[in-house]
Amino acid sequence: MDSSLIDLVFRSDKRKNLLILLDSGSKNIDEIKTTLDVTATSILPQIKKLIDHDLIVQEDKMYKLTVLGEFIIKKIKPLISALDVIEKNNSYWTGHDLNGIPRHLLERISELGDCTFIEPDLNHIYEPSQEIIDSMANARHASTFASYFNPAYLPLYVELGRKDAELSLNFNQSVWDHLSNEHSNMINELMGMDNVSLYVSKEGIKLTEITVTDRTMMLGLFDKKGKFDQQFIISSEPSALSWGQELFDYFKRLSRQVNKI
């Protein structure tokens, strides 16, 4: 794509949003105005520019993508979605170490969709946020990889296990050693549940946590100094749940299942 075409698409939100809108099918001018919340005066010059560059065409008062327009929008939509994900919580993504996310999943970060940023309440720094508790409450299944220890989480897992939720829990070796030594009663109870699987991963994975339930995906990363700041990204988008499950499964393949302390 030459620079003039890149400018045509990206230097105007109206043109960019129109191309994305037409990717879902032909639209007349009234549908375009209503959906994009624009006036005819502001959108018609942008339509003309896209027609002049053979990206859209008008047929019987309907506007639609040309073959070239379809090709281009299919290529740029993932980039636009990825930029939207990053820009909404820019300080989180730029302030944390992304090396813990495998490249093939990092390239699909757009699948996280509409994310919410969660940071700790300084008055309750060691307690899970209410958003995290709500995201796990009454879950039918949950998959968690964690490389840090928060004592408040273990009772949540036990409660879910008692409710017959399908749980798959993966801890790094240091966390597992702590749980085994200091919380052996709860670990033994979890091990006795047919609906719970426990795994231990190697040290050095640069990810604080990935938790996926049937409703939410929660991602935690170390900051760029390798510290855990208890900041998370949460999303309820179906694509984010699939993305998060793939990330959990990636680390699960690098782990060993444990059946006793």
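**Figure 1. The largest cavity holds about 80 Å³ of space.** The model shown is predicted: local features need pLDDT of at least 70, side-chain atom pairs count only at pLDDT 80 or more, and totals for chains, interfaces and linings use all residues. Residues are numbered from 1 along each chain as its sequence is written, and side-chain values use heavy atoms, with hydrogens and water left out. A cavity is a set of points, on a 1 Å grid over the protein atoms alone, where a 1.4 Å probe fits but cannot get out. Its volume is the space filled by probe spheres set on the points, which are joined across faces, edges and corners. The structure has 1 cavity of 30 Å³ or more.

**Figure 2. Tyr 148, Phe 149 and Asn 150 are among the residues lining the largest cavity.** Lining residues have an atom within 4 Å of a point. Ala 146, Tyr 153, Leu 154, Tyr 157, Phe 171 and Leu 179 also line the largest cavity. Helix α9 (residues 153-162) gives the largest share, 3 residues. Helices here are DSSP runs of H or I with at least four residues; strands are runs of E with at least two; both are numbered from the N terminus. The lining has 8 nonpolar residues, 1 polar and no charged. Ala, Val, Leu, Ile, Met, Phe, Trp, Tyr, Cys and Pro count as nonpolar, Asp, Glu, Lys and Arg as charged, and the others, Gly among them, as polar.

**Figure 3. The largest nonpolar core has 30 residues.** Such a core is a set of buried Ala, Val, Leu, Ile, Met, Phe, Trp, Tyr and Cys residues joined through side-chain atoms within 4.5 Å. Buried means under 20% relative accessible area, exposed over 50%, partly exposed in between (1.4 Å probe, protein chains only). Ile 132, Tyr 153, Tyr 157, Leu 167, Phe 171 and Leu 190 touch the most other members. Elements that each supply at least two residues include α8 (130-136), β4 (141-146) and β5 (166-172). Helix α9 gives the most, with 6 residues. A second, separate core of 24 residues includes Leu 221, Ile 233, Ala 240 and Phe 248.

**Figure 4. Ala 240 sits in helix α12 (residues 238-252).** Ala 240 counts as buried because its relative accessibility is 0%. Not counting residues up to four places away in sequence, Ala 240 touches Glu 111, Leu 112, Met 217 and Ser 235 (heavy atoms within 4.5 Å).

**Figure 5. Asp 164 has a positive phi of about 70 degrees, although it is not a glycine.** Most residues other than glycine have a negative phi. Asp 164 lies in the loop between α9 and β5. At 59% relative accessibility, Asp 164 counts as exposed.

Conventions: On a 1 Å grid over the protein atoms alone, a cavity is a set of points where a 1.4 Å probe fits but cannot get out, and a pocket is an open set with protein on both sides within 12 Å along at least five of seven lines; lining residues have an atom within 4 Å of a point.
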